[in-house]
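Please keep the structure in view while you read.

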Amino acid sequence: VGRDKNSVKSKGGITMLPDLTLEELNPLDSEMLILCGSDNAAVGGISDFIQKARLFIEQNKSIAAICGATAALAKEGLLDERLHTSNSKEFMEMTGYSGSKYYVNAPAVTYNRVITASGIEPVAFAIEIFKTLNLYSEKTLSSWEKLFYQRDINGFFELLGEVKSNA
């Protein structure tokens with residue numbers, strides 16, 4: 001999803017081509033809106049995406065935000081009354097939001113269909129997304145978490161076993 005259908009290059013140099021525009025995105029046709037952080041997210045740079053996130057919440061659809069996108073949610077009051085996390089409590093307080101008492105010092109938090117994560121915790125963020133979308137069996141998700149989050153090589157062999165048993 002993009003503001004328009006023109007290609008977008010990430011800060012890391014990856015070029016993406018949106019399938020649809022933000023205006024075309026309908027929460028009722030979606031399971032989740034994922035908001036990536038950006039350098040300008042906390043200062044209004046993604047406010048149009050945050051307004052779409054508000055619609056997702058109103059329609060009982062999931063949203064996920066990482067890094068600066070959490071600050072953008074906070075700035076618009078979307079985290080004032082729900083458990084959440086981000087890069088740090090102080091980072092969030094810079095937005096002037098009222099949800100400081102709901103801040104949780106954790107890699108990622110899921111609460112009432114809203115996932116938030118620290119910018120240095122992309123794997124924890126992905127795990128919460130996978131759980132919410134029910135993308136994998138508990139066994140597969142446990143092995144995936146073991147490999148990528150705990151960095152335990154046994155997770156690889158467990159996943160390999162899952163692939164062989166599903167073949």
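The report below covers a helix and its surroundings, then salt bridges, then a surface patch.

This is a predicted model, in which local features need pLDDT of at least 70 and side-chain atom pairs count only at pLDDT 80 or more, while totals for chains, interfaces and linings use all residues. Residues are numbered from 1 along each chain as its sequence is written, and side-chain values use heavy atoms, with hydrogens and water left out.

**Helix H2**

Let's begin with helix H2, residues 68-75. Helices (H or I, at least four residues) and strands (E, at least two) are DSSP runs, numbered from the N terminus. Seven of the eight residues of H2 are buried, so this helix is largely enclosed by the rest of the structure. Buried means under 20% relative accessible area, exposed means over 50%, and partly exposed lies in between (1.4 Å probe, protein chains only). The buried set consists of Gly68, Ala69, Thr70, Ala71, Ala72, Leu73 and Ala74. Their cover includes strands S3 (32-35), S4 (62-66) and S6 (114-117), together with helices H1 (47-58) and H3 (89-93); contact here means heavy atoms within 4.5 Å. Just after H2, Gly77 adopts a positive phi of about 80°.

**Salt bridges**

A salt bridge is a side-chain nitrogen of Lys or Arg within 4 Å of a carboxyl oxygen of Asp or Glu. By this rule the model has five, including these:

| Pair | N to O distance |
|---|---|
| Glu76 and Arg54 | 4.0 Å |
| Lys131 and Glu128 | 3.7 Å |
| Lys146 and Glu158 | 2.6 Å |

What does the Lys146 and Glu158 pair tie together? Lys146 lies in helix H5 and Glu158 in helix H6, so the pair links parts that are 12 residues apart in sequence. Glu158 is partly exposed, at 29% relative accessibility.

The side chains of Glu76 and Arg54 also meet in a salt bridge. Glu76 lies in the loop between H2 and H3 and Arg54 in helix H1, so this pair ties together parts that are 22 residues apart in sequence. Glu76 is partly exposed at 31%, and Arg54 is partly exposed at 26%.

Lys131 and Glu128 are three residues apart in helix H4 (residues 122-133), separated by about one helical turn. Lys131 is partly exposed at 42%, whereas Glu128 is buried at 17%.

**A nonpolar patch**

Ile153, Phe156, Phe157 and Leu160 make a nonpolar surface patch of about 380 Å². Patches are made of residues with over 30% relative accessible area and no salt bridge, with like charges joined within 9 Å and nonpolar side chains (Val, Leu, Ile, Met, Phe, Trp, Tyr) within 5 Å. Ile153 sits in the loop between helix H5 (138-148) and helix H6 (154-166), and is exposed at 51% relative accessible area.

Note on methods. Accessible areas come from the Shrake-Rupley method with a 1.4 Å probe; for residues, only the protein chains shown count as cover.
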